[in-house]
Each structure stands twice: as C-alpha cells, then as structure tokens.
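This report describes some sheets, a helix and a chain contact. Please look through the sequence and the model before reading on.

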Amino acid sequence: MSLHIQDLHATLEDGTEILKGVTLDIPQGEVHAIMGPNGSGKSTLSKVIAGNEGYVVTAGTVTLDGAEIFGMSTDERSRAGIFLAFQYPSEVPGVSNANFIRAALQARLPKGVDIDAVAYYKNLYAKMDLLEMDRKFTARAVNEGFSGGEKKRNEILQMMMLEPKYCILDETDSGLDIDALKIVAKGVNAMRSPERGMLLITHYQRLLDYIKPDHVHVMAEGRIVRSGGPELAHELEKYGYDFLKEAAFA
Amino acid sequence: MTTTAPQTPAIFPAWFAARQHEAWERYLATPAPKRGDETWRFSNLKQLDFAGFVRGADVSPTQAADLISRSSGLENTVAKFVFVNDELAHSESKLPKGVICLPLAEALVSHSDLVAAHFMQQETRLGSAKFAALHEASVSNGLFIHIGDNVEIEGTIEVHHWISGSNVLIFPHTLVVTGKNSKVRVIDIFRSADDISPGVAIAFNDLSAGPNSQLDYVAIQAFNEVTRVIQINETSTARDSSAKGFVLNTGASWARNESLSRLEGAGSRSDMLSVSVPAREQEYDQRTFQHHVSEGAYSDLLYKNSLYDNSKTIFSGLIFVDRNAHHTDAYQTCRNLLMSDTCEANSMPGLEINADQVKCSHGSTSSQIHDEEIFYLRARGIDPVSARQLIARGFSVQVVERLGDDATEELILQFIDDKFAHIDTTDP
C-alpha cells in the first residue's frame, strides 16, 4: 500500500516542462521529505498529484494503493484519501471554518447521511486544542485575515479532521516562527500512523528537526537527484544545494 | 387599472382622500420613463407595462388560511402580520405599551394625525415618481409602526405580503417611525401564492429614524418568477440615529429597487445593504441615493449580486453631499459575482461632493470565481458544483452578517439557500 509516483512528467499549459521524470514511492507508515532549491518542481509535484488543472501530465503515472489517480478529478482524489496542505491556502470569504470543514466531511458521506453535529464539534474542538487554536477560528471565514502562521495551522486542522491516507505538505514551514512551527509539527506528528503516508516538501532542514522523516529526497530541475536517510537533510544544510547538484551530476 | 382613479374608502380621513386624489392627478401628469432618461439607463422599459393587472379580488377563507400557514419566517416574533392582496388576513402582537403597530387602514382612522405627519413625506427622485404617485393614489393598507420615545423592542416585527390570483396588482406599504432613543426591527417578506400566476407589486417603505434611535429594516423579495416589482425605499435619519436597510432579491422576473437615504442629523448613520441572486432571465435594477444633508453623518452602502445564467443587474448609486454637510463619511460598494458567461452586470457608481473635509469612496467590481479558489475547495473533496455554491453563498453572507442579528441572518440565508437549490448550477 503506497502512494506511488512513476516517471512523472508534467508541463505548464504553455508547454514548459517542470517535472522531468519523477519516481517516488511513499508507503503507508512512512514519512518522506523532499527538499530542493526554488524552482526545482517540488510544489508542482504536489499540485499535479492533487489534480491542479494548471498543469498537463505528459507521461508517467501516480497510483494510490494501486489505483491510477489521473482519471480522477481533484475532489475525487481528495475523497480517495489524498490531502494537500497548501503553501498558499486560499481565502474563502463568508464561509466559516467550521462550515467549510463540515462541507468537506459531508462530501465524504453517502447522500442523505448527515454529519452528527455534536460529535463533529467535539472532534473539531479537540483538534483545535491540540493545535492551540482559539475557538473563535470556527466562526471566522476560512483563512480570511489569518496570519501566515494561522493559515498553516488551519491547513493542519483540516488535515487532522479529514484523516487522509496520504498527506502532502507543501512548504508548511514557510512563514512560521519557531513556536508556530513546533505546534504545526505537533499536529503532523500526531497524524503519523502505520496506516498513513506523508510527504513533506520543504526548502529548509529546520522542519525536519521537529518532524523526523524516514527518507529524504532531493529534487533539482524536475527530478529526484538523490535519496537517503534523515542524515541527507543535515548534509544539505551543511553544504548547500550546489554541492549536491555537483555530486549528482558529476 | 392605470386608467381609472382608485376610490378612497369613505372611512379614511379627508386629508388622505385629498392626498390620493392629488396623487392620481400627479400620476396622470407625470410622463412615463422613456429611453434616454438617466434614471432608467440600461433599464428594460418594457417591464413597465402593467396593463391588464388589477387590484386583488377577495381570497376565500381556505386560501387565506393556507397562506397564513405558509407565512413562515422567524421562530420568534414580537408581532406578525399577514396581508393577502393588501388585505389583512392575520395579525398577532406581543408589543409593549408605547408602540403603535397597526394595519395602515386602521391607523388612518385611529391615528390620523400621526400618519399624516409621516406618510410619504419625501420626494421620489430616483426615477419612479410616476409609480410612487400611483402607489400613493392606490394604497389601501400596509403597516404603520410608531415606536414611542425610549421604547426598545427586543425582537422583530414580521410582515408577510402575498399575491394570490392571476394578474393581481398590490401596493404594499410599510411606514416605520421611531421616537427618541428607541429601537425596532421590521421584516417584510414578499411572496406569491403559486409559481405560475403573474403579478405586480408597487411597494413603498418609509423609514423615519428619530433621534438616537435604531431602526433596522429588511425586505425579502421572493415573488414567483412571473411577477414584477417596483420597491421604493425612503429612509431618513435624525441626529445620532442609525438606520439599516437590507434588500434581498431572489424572486420576480423583474425587480426595480430605489433606495434613498437622507442623513438629516449629525452623528446619524445609514447602512444600505442588498443581496441579489438573479438566475435564468431575471433582471434586477437597483438605484440608490445617499443624501448627506447634515454634517458629520455616516453612510455605508454594500450591494452584492451573484448572477447566474442569462440574468442581468443594474446598479446606479450616487453619494450626494450637500454644501454644509462637512465631515461626511460616505461609502458605496457594489460587487458582482459572475457565475455564468452570459450574465450581465452594469454598475454606475457616482459621487457629488459640495462640502469640505469629507471622506467618500465608491467602487464597483465584477469578477468570476478564480480557478485557484475552486481548486482549494476541490482539494478538500468538495465537488465543483458545491464548491461554487459555497463560494457564492459566502459572497452573500458577508453582507447578511452586517445585520448583526443571528435569527434574521439565518432567515435571509434560508431564502438564499432556497434560491440556490433552484438554480441549475451545472453551468461552469
């Protein structure tokens, strides 16, 4: 059981190739991290897996526990168990956070079956407490007027509520101060489970001090150029990406 | 109906009969709106042909009982009135002393002088003077609300106006006067007894907020889609008063709203709010006027339209600051959310400032939902139709929330949700 990416190629709508053959296997129970410089295609990889229509997949496959996902729409992929925590979450004016998450949960239920409101709020409040989010965030419009850190915390809240099989966190650490980073990491670590695979996309090693990955991959120019254990992140931190590119292409 | 003078019932006071007679003459003398009139720019003037529509015939007791039972609104009200074709069908009230809340037909007899002092005192200047005259000449009932000084009403007065029968014309009227330091909220709900009978409503609501009072008014227009409506809203605010006027349009084939706020007292405030959700071939034509007569007053207008299918909206708004109305704060915003490629939103914001030291802004935007927004919702498992609906609903919620009363907001959202449920949202 895994989220498996095989020789994935993708372009922008104008034909510019961003992903140039990415192969990666994220089995259940494991946390993988992808690091890499700006423009290496990390975020694109996450968006292509989630089904963003701004990209064209030109070759390769992605399977979720063996099932091909490219025939599925974005919302179907989400309901099938893929979760993307956005680097830049959208604001949804006029829609309260509680109603938004409820709508997302409702979308997973068969027609005619309604969410148990009491159980829902109990669960929501428990998760918010863990993320040290004030209760007022239930009534506030989704991400509207939220600080960068609040938005990221809100992404983790949604992830915890939706309990996906595979989580992709796109630069969840960017824009977070150290306290917020610790809280977000606490939420992510609480989600670690033998039944769940995770992919952390990050620019910095710092996040990995708090969420220990099982595997670290380095992406450059649309490919995974190196894979290793957690120590790879420290090497990167020490020597920088240039060193790695040289090592990879030497 | 528009060719013979209406008969003022003999029971009504002489001043009223004279006003109605004079209004009829004015109606006849006032030319019909024509192409080229600025106040009717972009309007569909064909909608103004009301030939063949007549005052409502009596409804049977069974029909009336049915409509009374369908007059659902807030769970709790302090008073509730149901009018069917301008005839009072039901009333109930728990209003305290110090409040006069009576059908206009009754108030004209029992409180003639008080009604005379407040009845249609402002000049209709946003284009529908002819129809205001017709209304004045024809009005036979409605609600008269007078809140005495220092009386604060907790809760809401709810008024239902039904059109029953085919080719029926009604003239709903709501006149609200608040005394010093008083408070009240009134909701008018306009509906049709069935979905297929054409009707016309020429409605007038007149709000006069006394010193330091708070007057909230909501009009929910949910007629069937073969009915046309002209709704004229006149508001005046005395010193330190606050008036909120909210108009929801979900029904009617064509609706014209004219809303004028006169800020007559220093420190007074007028919030002019509207949500419209037109679909199919519906047309909503809204004209507004924020008239700053006094210095140091505040007005804030927020109109939002979510347009589906081939629907059309017109917004024309003017902030007008009189010569001595210094230290005015006036804001005007109209936002259009275009939910189809074939809808049409026209906006004409305007500003005329004749005083110094004023803060005024006006703006209008039209946009579609961004792909990134939809992607975000879909990435949470929400299907594209629900995602668009959630965003469009949220767009309206931002205005509704300004009312600051949970029960009222919930009621308005019920009407909005009901409208969404009757829109074919598969159109991208």
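In which sense do strand β3 and strand β10 of chain A pair, and over how many bridges? The model is a predicted one. In it, strand β3 (residues 31-35) of chain A and strand β10 (residues 197-202) of chain A are parallel partners, with five bridges between them. One point along this pairing can be found by eye: I34(A) is opposite I201(A), which belongs to β10(A).

Both strands are part of an open sheet of six strands in chain A, whose order is β6-β9-β10-β3-β11-β12. The pairing in this sheet is mixed. At its edges are β6 (82-85) and β12 (223-228) of chain A, each of which pairs on one side only. From one strand to the next, the twist averages 20°.

In general, strands of a sheet pair through backbone hydrogen bonds, and the pairing is either parallel or antiparallel.

Chain A also has an open sheet of four strands, in the order β2-β1-β4-β5. Here the pairing is antiparallel. The edge strands are β2 (17-27) and β5 (67-68) of chain A, and each has pairing on one side only. Strand β1 (residues 2-12) of chain A runs antiparallel to β2(A), and eight bridges join the two. Within this pairing, H9(A) faces K20(A) of β2(A).

| Strand pair | Sense | Bridges | Residues standing opposite |
|---|---|---|---|
| β3(A) and β10(A) | parallel | five bridges | I34(A) and I201(A) |
| β1(A) and β2(A) | antiparallel | eight bridges | H9(A) and K20(A) |

The next element is in chain B. How many of the ten residues of helix α5 (residues 129-138) of chain B are buried? Nine of them are, and the helix is mostly covered. Among the buried residues are F131(B), L134(B) and H135(B), along with K130(B) and E136(B). The cover over the buried residues of α5(B) includes α1 (14-29), β10 (199-209) and β12 (227-237), which are elements of chain B.

The last topic is where the chains touch. 21 residues of chain B are in contact with 22 residues of chain A. On the side of chain B that touches chain A, the elements giving two or more residues are α6 (371-378) and α7 (384-400) of chain B. Which element gives the most to this side? It is α7(B), with ten residues. Sorted by class, this side of chain B has nine nonpolar, five polar and seven charged residues.

How values were computed. Residues numbered from 1 in each chain as written. Chains lettered and ligands numbered in written order. Predicted model: local features only at pLDDT ≥ 70, side-chain atom pairs only at ≥ 80, totals over all residues. Pairing = 2+ DSSP bridges. Axes fitted to C-alpha atoms, helices over the stretch in contact; angles between N-to-C directions. Buried ≥ 20, exposed ≤ 12 C-beta atoms within 10 Å, placed from the backbone. Contact = placed C-beta atoms within 7 Å. Nonpolar A, V, L, I, M, F, W, Y, C, P; charged D, E, K, R; others polar.
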